[in-house]
Amino acid sequence: MYCRASHELMSLRLDGRLDLPAAARLDAHLAGCAECRARWTALREADSLLRQAARRPATPPLDFAANVMSRVAITPAVRPSLWERERVAVQGGRPTVKLHPTSPINGRSVPLPGSAVLAVPRDGRPGLWEQFQALYSRRMGLYLGGLSLAGALSLVVLLLTAMLWTVGNLPVPTGLQGALTLGGHGESVRTWISATWTVLADLVTGIDPWVAGAATAAVSLLGVLWWRIVAAFVRRSQREILA
Amino acid sequence: MTIAVAYPSTPAFVAPSSCVTGLPAVENATQAEERVWIERALAGDQTAFAALVERYQGAVYNLCYRMLGGAAEAEDAAQDAFLRAWCQLHTFQRERKFSTWLLSIASHHCIDLLRRRRGISVPLDSVEIWATSTEPEPEASTLAAEARETVRALLDTLPPKYRLVTVLRYFRDLSYLEIAAMTGLSESAVKTQLHRARKMLADTIRLKGAPANVLPSLP
């Protein structure tokens, strides 16, 4: 047996994972190799040192649990974001949580692991902005975002309808005819909208197929790039997963 | 010359309050109880989490103590590990063992700290491995303190990942498979790392010479 092979056997023997034939081979090698014998002695010294130390466990300070809980009390459990939950639903794996930098509490810095969002207890009443921040949640952001999106969409629809009315493809309801004259400036506004509509229509119908192809390719490329960014993000968050 | 020493599996440290025993039935009961605590903690119940802290503080603190070498550092790191567990409790997969998950958080944290510390570490040659503690000790515990200092200095010579497998093997008395589950390594990688770690320790001992009080039981 080579010395190198015997070294691995020694480690296994220390863990009691060596079967009898292998142990016999190791013994045979040790009997004939002074270098390995010295190594074996040193290994056993290290082993027995560590085993002895393991018999004397270190005990945590008496107030350890209390200290942990006082930090837990000011650290709300962080829920995974909507994006994380979606990502987990689509890709599997586990959600991760971004931990924010340490926040000062009453002027005192609280060390956190990487850190976590802190509910900062304050003297006095919170201001308007803080109240809004406390109210704000991912769900509320979604709600507000959806509301503004719906608003924007209805504006666009209104604008398009107005355009159709002005260029005369659609009969204008009689109740709205007065409003569309816009207090005497109706004619100029109608001309402007009509001109914009014509330009837009020309743009859409007059597009070169080559340009359209190039635009499609560019969009696909952007899509690929986006997925690379997503993949990098996912890899990074996987590295952040602790367990 | 024949060396045949049987190494019994030493009862390494187990968490206090007699919670972890080897009996499967008891273990199941323990785990069921834990699952209830975890569910309650997930719902925001801090007293349930406090029960988990109470149960595992010894195990986590010990791991950190052996990884980092100092009591103050160990306490900070162990607190951080629990806080991290609290923040990320929802990422805990129910089919895993809670202790494995918690200790893997603690070990990752310790490795991070050690890596950050590496910049200010001193080269091996300048370390007085068998130096005794400079603090005054009662006569009776001097030997124990010396041995503790020795072990600390010895572990200090290992790079973080080797240190982790060594600490898990000796101070948590985990099997290769359990270490693999905790570190995310394969079982054979654990075997190799443990082998290399021991080789380094043995080399250090041969280089510096072992203290006389270390080996009372060797033939």
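How many residues does helix α3 of chain A have, and how far does the helix reach from its first C-alpha to its last? Before selecting it, please note that this is a predicted model.

**First stop: chain A, residues 34-54**

Select residues 34-54 of chain A, which form helix α3. The helix has 21 residues and reaches 30 Å from its first C-alpha to its last, close to the 30 Å expected at 1.5 Å a residue. Most of α3(A) is covered, with 15 of its 21 residues buried.

**Second stop: from chain A to chain B**

Next, select helix α1 of chain A, residues 3-14, together with helix α8 of chain B, residues 187-208. Their axes come within 9 Å and cross at roughly 100°. An angle of 65 to 115 degrees counts as roughly perpendicular, and α1(A) is therefore roughly perpendicular to α8(B). To view the contact, display A:His7, A:Glu8 and A:Ser11 from α1(A), and B:Leu194, B:His195, B:Arg198 and B:Lys199 from α8(B). Sorted by class, this contact has 1 nonpolar, 3 polar and 3 charged residues.

Now select residues 46-68 and 71-87 of chain B, which are helices α2 and α3. These helices pack at an angle of about 135°, and their axes are 8 Å apart. The angle makes α2(B) oblique to α3(B). The crossing of α2(B) past α3(B) is right-handed. Residues of α2(B) in the contact include B:Phe49, B:Val53 and B:Tyr61, while those of α3(B) include B:Ala74, B:Phe82 and B:Trp86. By class, the contact has 14 nonpolar, no polar and 2 charged residues.

Remain on helix α3 of chain B and select B:Arg84, which lies in it. Is B:Arg84 buried or exposed? B:Arg84 counts as buried because 24 C-beta neighbours lie inside 10 Å, and the cut-off for a buried residue is 20 or more.

**Last stop: chain B, residues 160-171**

Finally, select helix α6 of chain B, residues 160-171. This helix has 12 residues and reaches 15 Å from its first C-alpha to its last, close to the 16 Å expected at 1.5 Å a residue. α6(B) is mostly covered, as 10 of its 12 residues are buried. Among them are B:Arg163, B:Thr166, B:Arg169 and B:Phe171. Then move on to B:Asp173, which follows α6(B) and has a positive phi, near 55°.

Conventions
Residues numbered from 1 in each chain as written. Chains lettered and ligands numbered in written order. Predicted model: local features only at pLDDT ≥ 70, side-chain atom pairs only at ≥ 80, totals over all residues. Axes fitted to C-alpha atoms, helices over the stretch in contact; angles between N-to-C directions. Helix = DSSP H or I, 4+ residues; strand = E, 2+ residues; numbered from the N terminus. Parallel < 35°, antiparallel > 145°, perpendicular 65-115°, else oblique. Contact = placed C-beta atoms within 7 Å. Nonpolar A, V, L, I, M, F, W, Y, C, P; charged D, E, K, R; others polar. Expected span 1.5 Å × (residues − 1). Left-handed = near helix turned anticlockwise from the far one by under 90°.
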